[in-house]
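Hello,

Here is the model we talked about, with its sequence. Please look it over before reading my notes below.

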Amino acid sequence: MTGTDLVERAAAGLKDRSGRPPAGVWSAPGRANLIGEHTDYNDGFVFPFAIDRRAAVALGDRDDRAVRVSSSFAPDPVVVHLDELDPDAQHGWSAYPLGVVWALREFGADLAHARGVDLHLESDVPVGAGLSSSAAIESAVALALNEHWGLGFDRPTLAQVGRLAENRVVGAPTGILDQSAALLAEADAGVFLDCRSLDAEVVPLHFAEAGLAVLVVDTRVEHAHATGGYAARRSSCEAGARALGVPSLRELPERELPRARELLDDETFRRVRHVVTENRRVLDTVRALHEGGPATIGALLDASHASMRDDFEISTPELDLAVETTRAAGAIGARMTGGGFGGSAIALVPLARVEEAAGAVRAAFAAAGHREPGTFTVVPSPGARRER
Ligand code: ADP
Ligand code: MG
C-alpha cells in the first residue's frame, strides 16, 4: 500500500461515512527505536526514527459541536460532544483520538467556540508490533486538530499532548519517545531526544548511502506479562535511583556502577546497569554516526540487545532468535526494539543480503516451532504532515 493510497482511503472513508469530502487529510508515521530502550522514563536519551508506514486522518467539518471518530479498524464510529469529554469514559481504540481532543484542552486549547469534526482513521502501521501504531494515530490527530482549529501549538507540545492522551485517557504509562518520533522526524534521519530537557536533534542516518537497510522482524508475539513487566521495570528503576540518592538514573555516572553493585540487590543492580550503559550507548551511536556513518554502529546495537536480554530481561526467545539469525546472515548489528516482551527486532543488513536474512529468520522460526514472523524493511521517513 503506497502513501497516496492511504491518503485516498482516509478521504474516501470519511466521505462514505459523513457524505462530505474532507477539509484536509493529515498523516503521521510509526517509528522504530534505533537505540535507547527504557531510558525515556529515566530522564535519559532515546534515538528513534520514523518509518515509511503511516496513519492518516481525514477531517471533515460538522455543523454541531460533536466529534465523531471512525476507523477501518473498528465497525462503529464513536461520537462525543465537545463539552462532554470525560477522560475516564473512553475505552478501546477511540480513547486514542478522543484522548488527544481532551489533552489539547488540558494544554490550554480554547474550544469554547470550536465547531465539531468528523475524523476518519486509516493506518498501515502494524498494530501491536512495537512500531507505535498508537502514537501514529495520536500524532496525526493532534496535528490535524492543531491546524484545523488554529490552536498554534508547536510540535514538541503536540508530542506532549499525545503522551498525555495515552497516559491519562488510554491509561498506558508510556514516555515521550513515540510521539516525538512521529512529530519531529525527518526523512533519512533519526531523532536524538534528551527526555529530561526534551531537546531534540535530527541526526542524519544515511543507511542506503552506506549500502545498508533496516530489516524489521515482527515476532507477532505479545507476551502476557508485557504490561506487568513494563511496570515492574519502571519501579525497579525508581527503587534503584532512590537507593543511590539520584533523582533519576540519568544522573548516575557509569563510574558509579561499582558502588551501585555494592548497595543494590543483584536484580535491581542489573536493571540500573542497563539504563546507565544504554544512555551511554545512545550518545556513542550519535557520535559514531556523525564521525563514521552507519557502518560503525553495529556493535552498539548488539551490545544494546545483550543488555536488554541479560540485564533488563525484557527480550523473548523469538526476539533473541531474530537477532542471532540476522547477525549470522550478514547483519552488522541487531537488537529488539520497543518495550520488549514481544514486538519487533531490527537488524542493519547490507542491501544485497536482505532477502537472505529475512529468509533465514523465517526458516529459523519454523524450525523452532515459533509463529511465522513478519519480515519487511523500513526507511527512515518524514514526521507528521498535512497531505492535502
Ligand atoms: P503499538 O505498539 O502498535 O503502538 P499499542 O497497544 O500501543 O500498540 O496501540 C495499539 C492500539 O492503537 C490499537 O489496539 C488501537 O486501539 C489503536 N490503533 C492503532 N491503529 C489504529 C487505527 N488504524 N484505528 C483505530 N485505532 C488504532
Ligand atoms: Mg503504542
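This is a predicted model: local features need pLDDT of at least 70, side-chain atom pairs count only at pLDDT 80 or more; totals for chains, interfaces and linings use all residues.

Residues are numbered from 1 along each chain as its sequence is written, and chains are lettered from A and ligands numbered from 1 in the order in which they are written.

Domains

The protein is divided into domain 1 (3–204) and domain 2 (212–378); the bounds come from an automatic or database domain assignment. Their C-alpha centres are 26 Å apart. Domain 1 puts 26 residues into the contact and domain 2 puts in 32 residues, where two residues are in contact if their C-beta atoms, placed from the backbone, lie within 7 Å. On the domain 1 side, strand E1 (24–35) and strand E2 (45–61) each supply at least two residues, and E2 gives the most, with five residues. Helices (H or I, at least four residues) and strands (E, at least two) are DSSP runs, numbered from the N terminus. The domain 1 side divides into 14 nonpolar, eight polar and four charged residues. Here Ala, Val, Leu, Ile, Met, Phe, Trp, Tyr, Cys and Pro count as nonpolar, Asp, Glu, Lys and Arg as charged, and the others, Gly among them, as polar.

UniProt, in an unreviewed entry, lists residues 19–59 as "domain: Galactokinase N-terminal"; its positions are given in the numbering used here, feature names are shortened, and annotations may be inferred rather than shown by experiment. That span is 0% helix and 66% strand, and its end C-alpha atoms lie 12 Å apart.

Strand E5

Strand E5 covers residues 117–123 and contains His120. Seven of the seven residues of E5 are buried, so the strand is largely enclosed by the rest of the structure. Buried means that 20 or more other C-beta atoms lie within 10 Å of the residue's own; exposed means 12 or fewer, and partly exposed is in between, with C-beta atoms placed from the backbone. In a regular strand the side chains alternate between the two faces of the sheet. In E5 both faces are covered, with Val117, Leu119, Leu121 and Ser123 on one side and Asp118, His120 and Glu122 on the other.

His120 has 28 other C-beta atoms within 10 Å. Leaving out residues up to four places away in sequence, the residues that His120 touches include Ala10, Arg17, Val57 and Ser70.

E5 pairs with E2 in the antiparallel sense over seven bridges, and Val57 has Leu121 as its bridge partner in E5. Strand E3 (residues 66–71) runs parallel to E5 and is joined to it by five bridges; there Val67 is partnered with Val117. Two strands pair if DSSP finds at least two bridges between them.

The E9-E10-E8-E11 sheet

Four strands form an open antiparallel sheet in the order E9-E10-E8-E11. E9 (333–337) and E11 (374–378) are the edge strands, each pairing on one side only. The twist averages 25° from one strand to the next; axes are lines fitted to C-alpha atoms, for helices over the stretch in contact, and angles run from 0 to 180 degrees between N-to-C directions.

E8 (residues 212–222) and E11 share five bridges, and Leu215 has Thr377 as its bridge partner in E11. Helix H9 (residues 298–310) packs on the sheet, touching E9 and E10 (342–350), at about 40° to E9. Helix H10 (residues 317–328) also packs on the sheet, touching E8, E9 and E10, at about 155° to E8.

Regards
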